[in-house]
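Trainee: Hi, could you walk me through this structure?
Mentor: Happy to, let's bring it up.

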Amino acid sequence: WLYMLPSRFEESPRPDADSAIRLTDTDAALARLSAVQKHYLSDPWIRHLVPRAHLQPPRPPLINVGTYVRSEGIDKLVDRWSALAAQEGTQYQVVSLGAGSDTRFWRIAVRPCVRCV
C-alpha cells in the first residue's frame, strides 16, 4: 500500500502544530467581533485584530450571547480583584495566559484609575 502525498505537503519539513491554537484564537476574535457588531459588547479594539473585519458576517445569536456572558464574567472577576486591591491598598497585577487576540488589556488601560484619586 503506497500513498502519495501532493507535492505541497512534501515541501514542509514538519506539520504545523500550532494551527489548531491559531484557529481557536481566530474563532474567538470573530465571535467577539460579531458580538460587538450586534451591540452585545462594546470593544473599539477588536476590529483592529480581525483581518477584513468589515467583511466578516455576524455569528448566530447563541454565539453572541455566549461571548457576552464569558466576556462579562471575566471582566467582573478582574474588576473585583482590582477593587479588592484598591480597598486593601495593595498593588496587583493581572497576567492573562494564552490571551491570544484578547483586547482586555486595552479595555482596562483606558478605564479611570481606581487608585489614582
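Predicted model: local features only at pLDDT ≥ 70, side-chain atom pairs only at ≥ 80, totals over all residues.

Trainee: How many residues does α4 have, and how far does it reach?
Mentor: Helix α4 covers residues 61-88, which is 28 residues. From first C-alpha to last, α4 reaches 40 Å, close to the 40 Å expected at 1.5 Å a residue.

Trainee: And what comes just after α4?
Mentor: Gly-89, which takes a positive phi of about 70°.

Trainee: Which residues of α4 are buried?
Mentor: Asn-64, Thr-67, Ser-71, Asp-75, Val-78, Ser-82 and Ala-85. These buried residues pack against α2 (19-37) and α5 (104-109).

Trainee: What's the angle between α2 and α4?
Mentor: About 100°, and their axes are 9 Å apart. With an angle between 65 and 115 degrees, α2 is therefore roughly perpendicular to α4.

Trainee: Which residues meet there?
Mentor: From α2, Ala-31, Arg-32, Ser-34 and Ala-35; from α4, Ile-63, Asn-64, Thr-67 and Ser-71. The residues of that contact divide into 3 nonpolar, 4 polar and 1 charged.

Trainee: Switching topic, how many aromatic pairs are in the whole structure?
Mentor: The search finds 1. The pair is Phe-105 with Trp-106, with ring centres 5.7 Å apart.

Trainee: Why is the pair called edge-to-face?
Mentor: Because the planes of the two rings sit at 80°, and over 60 degrees counts as edge-to-face.

Trainee: Is Phe-105 buried or exposed?
Mentor: Phe-105 counts as exposed because its relative accessibility is 58%, and the cut-off is over 50%. Trp-106 has a relative accessible area of 38%, so Trp-106 is partly exposed.

Methods. Residues numbered from 1 in each chain as written. Heavy atoms only, no water. Helix = DSSP H or I, 4+ residues; strand = E, 2+ residues; numbered from the N terminus. Expected span 1.5 Å × (residues − 1). Buried < 20%, exposed > 50% of the residue type's maximum accessible area, 1.4 Å probe, protein only. Contact = heavy atoms within 4.5 Å. Axes fitted to C-alpha atoms, helices over the stretch in contact; angles between N-to-C directions. Parallel < 35°, antiparallel > 145°, perpendicular 65-115°, else oblique. Nonpolar A, V, L, I, M, F, W, Y, C, P; charged D, E, K, R; others polar. Phe/Tyr/Trp six-rings, centres within 6.5 Å; stacked < 30°, edge-to-face > 60°.
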